[in-house]
Amino acid sequence: MQDISSLENQALEKLSTLDTLEALEAFRIEYLGKKGKVSELMKALGTLPPEERAAFGKTLNGLKAKLDGAFAEKAITLKPAQTKTLDFTLPGIRPQAGRIHPLTQVLREVLDVFERLGFEVVDGREIETEFYNFTALNIPLDHPARDAFDTFYTETGHLLRSQTSTVQIRVMESRKPPLRIVAPGRVYRPDTVDATHSFMFHQVEGLFVDDKATFSDLKGVLSVFVRELFGSKAEVRFRPHFFPFTEPSVEVDVSNMILEVKREKSAKPKWLEILGAGCVHPKVFEAAGYDPAKVQGFAFGLGIERIAMLKYGIHDIRYFYENDVRFLRQFP
Amino acid sequence: MKISTLWLRDYVKPRASSEELAHRLTMAGLEVKKIERSDGGLVFETEITSNRPDWLSYLGVAREISALYATPIRMPKKLEPEKLVPFPQDFAIETKDLDLCPYYTGTILRGIKPVATPAFIKRRLEAVGLRSINFIVDVTNFVMLECGQPLHAFDLKLLKGQTLIIRRAKAGESISAIDGKVYSLTAKDLVIADSERPVAIAGVMGGKDTEVSGPTQDIFLESAFFSPADIRQTSKRLGITTDSSYRFERRVDPEGVSEARERVISIILEHTKVEEVTRMRFTGKKPMKQATIVLPYEKMERVLGISIPALQTEKILRNLGLGILQKNKKLIKVSIPTFRGDLTRAVDLIEEVARIYGYSRVPETLPSLVTLPDALAPKPKFQMVHQAICRLVGAGFWEAQNYSIIHGQQYESFAPRESLVKIINTQNKELNLMRPSLMPGLIETIQRNQHRGAKTARFFEIGNIYLASGRDLPKEKLTLGLALYGATEKGWAEAPRSLGLYDLKGALELLLEFFGIARPEWREAESPWLEKGTGLELIAAGRSLGTIGELSAELLKRFGLELPVASGEIDLDALLPLVTRDRMFKVPSKYPIVSRDLSLLVPKSLSSASVESTILQEGNEWLQGVRLFDVYEGKNIREGVKSLAFALEYQSQARTLSSEEVQAEHMRIAGILQEKYNAELPSARENA
């Protein structure tokens with residue numbers, strides 16, 4: 001029976017001369033396999049007198065560990081280099097993800113800003129009565145102001161709301177002030193359909209009512225909104241206008257320097273109108289059951305399609321309702 | 001309205017270029033939309049809001065410029081006739097309806113020497129797009145544009161019976177108007193009539209038979225105040241809008257009625273000889289409005305958020321033409337001129353002061369926000385919609401948005417007759433139905449995409465459908481629509497797979513699982529737009545939530561769809577109360593799972609769901625899951641029979657299960673199935 005240290009030297013020497021995987025495998029069988037030399041020594045352990053077993057066993061284990069380690073190292077150096085090649089330019093296998101409609105995306109963005117400004121999102125019906133769409137908003141039947149809010153009528157004498165302020169009136173009727181709400185939704189106007197007009201579009205209207213909301217607050221809130229949506233460099237201007245339900249009234253324009261609008265060089269306005277707003281008219285408060293002497297507020301409205309068209313450089317509103325995948329694909 | 005700057009500068013000369021002027025006016029609320037060059041000058045195209053009829057005239061715009069630049073207006077000169085003869089006694093003017101025409105005035109001019117329209121009047125008219133017609137008509141148009149009061153001249157010799165009556169039209173009456181058309185009139189329309197027939201649609205358009213022409217020498221010159229609401233009604237009913245009706249509709253200045261008439265006479269006298277000018281005859285009286293408003297400074301500050309100095313406030317109001325009646329530290333009281341019918345209360349004055357002062361001078365502040373308990377309540381509907389969108393997009397669906405108003409005739413069949421909500425005043429006569437279903441819009445979307453070459457698409461839409469409710473407001477139901485066609489794309493790493501009904505079913509099952517509805521029930525159903533035998537109704541908590549299936553061959557043909565379409569609709573309002581995000585955590589077992597497959601041959605008509613639920617029911621607490629992974633019918637299996645293969649997973653919470661005990665349990669289940677369904681078990685073997 002060979003002694004352990006000479007076996008160790010023999011094995012390590014042999015190992016260092018190997019240069020093929022086959023030879024390495026032969027070495028393994030000869031020394032480290034089930035019937036190999038180390039194994040034989042292990043079996044021989046039983047033939048030793050008891051008082052010698054412990055020491056022998058310990059040395060044998062040491063040998064085994066050393067040879068295992070040296071073997072592993074040799075195996076690594078003999079293993080051939082990686083030859084597998086991949087074409088990394090192959091396209092990734094994309095999971096089939098869907099798309100959120102760009103109008104929904106822009107609506108979400110707009111509502112997000114107003115929610116952060118403290119407004120609550122409310123909802124309401126689209127088909128309404130004369131009262132909520134006109135009377136309560138101080139738009140008398142026989143006044144030319146009505147032309148701007150012309151609307152569709154159903155067989156039952158109801159109408160399709162021309163603005164979502166109808167929802168605001170309903171909320172005012174059912175709640176006491178103070179109030180901060182935004183009402184998104186579809187609105188309808190009998191416009192001839194062309195590149196910038198549609199008989200149906202999406203609006204967001206907001207209402208802020210407490211005992212002291214001012215015109216300067218209106219300016220502040222809407223300026224924050226415009227900058228959140230169009231970037232901190234966006235300029236805003238407030239231009240006097242007229243709405244039957246607000247006084248003073250404004251239209252809010254944003255400068256198009258910021259907007260990457262793809263327009264022909266010839267038609268390049270500096271200011272683009274995006275919001276209508278104003279201090280709530282006392283008559284509107286009265287119609288909703290609030291005391292105009294005790295409350296003050298401001299309201300505003302914007303069109304989602306318009307914002308989306310400005311943001312993305314879409315020149316024709318009709319694209320939104322065609323749902324052509326070549327259009328939708330562009331808004332991941 | 002178009003404003004020629006050359007003409008405008010006859011009345012006011014602000015120290016500003018035309019471009020600056022346009023900007024300043026716009027920023028004061030008088031919007032200049034476009035600037036064009038016309039005949040030696042610039043023309044502003046203005047858009048005037050309906051509350052400022054006083055801006056529909058050069059003097060009105062001049063007044064505004066005067067207020068903005070604190071520069072005086074040059075009022076047009078008025079030539080007085082040397083002598084006025086009395087209005088003829090035998091010529092009667094009578095107003096039968098004072099509410100429709102509160103104030104009517106007229107003068108007769110005789111022996112006007114015909115003359116060509118002076119060049120400057122012609123130029124002025126043409127600069128703003130009006131045609132020169134003849135001297136007298138041109139003068140009336142000129143004055144209308146100058147001061148905002150429409151006037152009309154009748155050829156006196158063509159009037160019958162020496163009388164003018166301002167009355168409602170009689171049923172059956174009609175008039176041949178100066179635009180060449182004949183209009184049928186009703187008792188709602190006000191007319192100016194002579195003894196025989198209407199000679200003008202009051203305030204809207206004159207009649208052809210009495211119109212003034214080049215040779216006319218004797219005229220009746222009318223200037224009146226007509227009721228805005230009634231002019232508007234007639235104008236809309238007859239479909240006529242003129243410069244005249246436009247101004248009456250918005251309310252003219254009662255004081256301007258006579259001013260304008262005298263101005264016309266003055267210009268005529270300036271340019272030709274007139275033998276006789278009568279005094280005016282009038283009926284009714286000037287409709288005057290409330291004339292004073294009190295503006296407390298504290299209120300202005302409270303509304304605007306800044307304090308505008310009293311001195312400045314006073315100056316602005318004065319420059320606008322308002323009279324200062326009283327002023328002190330606390331308030332200012334003003335008299336409202338007759339051309340500002342839009343000013344009726346304190347907030348109106350606050351707007352005037354602020355816009356002239358400059359909105360840009362009001363700072364931007366943020367309001368203080370108090371906590372609103374009402375606003376804190378959760379919004380389950382919004383959450384459900386948002387989550388549904390996210391889940392469906394994640395499952396590969398693209399969101400569509402379709403019109404709410406659809407083609408009535410084409411799509412009436414999508415709902416029972418009495419549920420249809422029809423629109424009565426559509427411009428496009430065909431789009432007259434509020435959608436009772438999302439299917440039409442989705443089918444059209446699919447059609448459009450298929451025809452444009454898209455080989456595959458998966459769409460969903462979440463929106464309202466509208467169903468009539470007798471005479472009450474229609475019901476608006478939140479609905480989810482789905483539609484798909486085509487196959488998954490072929491890629492370098494995967495083969496394409498056809499998309500169909502089961503993709504819809506899977507997406508819905510995924511969505512329902514998210515909403516806490518783990519085991520929805522599917523039942524066979526029929527629907528007029530689905531192919532027979534492919535309809536599936538979704539039931540949860542005992543209520544029907546909607547139907548999905550394959551579009552019928554007939555619909556495919558009707559829409560020219562080459563590729564078959566699977567689609568369906570789910571009632572989200574019905575789903576909402578069932579939605580729950582409650583979950584109870586279960587500790588996962590640390591002991592290994594043992595899988596066993598179970599194949600059986602069953603009658604074709606037997607639903608896989610019933611077999612699956614029997615397995616779940618009969619299995620003991622070790623059974624963690626059952627999954628159908630193969631269905632086979634056809635070759636190698638005899639008629640009327642199909643093979644189902646399930647993968648079952650066994651696991652105990654307490655210990656490792658032995659192979660033998662799992663096998664025994666598995667065989668027990670197999671035995672039950674065999675008996676219950678008369679199933680054949682070709683193998684109930686261990687998973688490889």
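Student: How many residues does the contact take from chain A and from chain B?

Tutor: It takes 92 residues from chain A and 87 residues from chain B. Keep in mind that this is a predicted model.

Student: OK, and what's the area buried between chain A and chain B?

Tutor: About 7,800 Å², with carbon and sulfur atoms giving 56% of that. A:Gln96, A:Pro240 and A:Glu247 supply 8% of what chain A buries against chain B, more than any other three residues.

Student: How many salt bridges are there between chain A and chain B?

Tutor: Nine. One of them links A:Arg227 to B:Glu364, where the closest N and O atoms are 3.7 Å apart. Helix α8 (residues 215-230) of chain A brings nine residues to the side that touches chain B, the largest share. By type, that side of chain A has 37 nonpolar, 23 polar and 32 charged residues.

Student: Switching to the sheet, what's the strand order in chain A?

Tutor: The order is β1-β4-β5-β9-β8-β7-β6, an open sheet of seven strands with mixed pairing. At the edges sit β1 (120-121) and β6 (236-243), each pairing on one side only.

Student: How do β8 and β9 run, parallel or antiparallel?

Tutor: Antiparallel, with five bridges joining them. A:Leu275, for instance, has A:Leu302 in β9(A) as its bridge partner.

Student: Last one: is A:Asn133 buried or exposed?

Tutor: Buried, because its relative accessibility is 0%. A:Asn133 lies in helix α6 (residues 130-133) of chain A.

Student: And which side chain does the A:Asn133 side chain make a polar contact with?

Tutor: That of A:Ser162, at 3.0 Å. Beyond four places in sequence, A:Asn133 also has contacts including A:Ile139, A:Leu159 and A:Thr166.

Note on methods. Residues numbered from 1 in each chain as written. Chains lettered and ligands numbered in written order. Predicted model: local features only at pLDDT ≥ 70, side-chain atom pairs only at ≥ 80, totals over all residues. Heavy atoms only, no water. Helix = DSSP H or I, 4+ residues; strand = E, 2+ residues; numbered from the N terminus. Buried < 20%, exposed > 50% of the residue type's maximum accessible area, 1.4 Å probe, protein only. Polar contact = N/O pair within 3.5 Å; in protein donor to acceptor, adjacent residues only side chain to side chain. Contact = heavy atoms within 4.5 Å. Pairing = 2+ DSSP bridges. Buried area = accessible area lost by both parts, 1.4 Å probe. Salt bridge = Lys/Arg side-chain N within 4 Å of Asp/Glu carboxyl O. Nonpolar A, V, L, I, M, F, W, Y, C, P; charged D, E, K, R; others polar.
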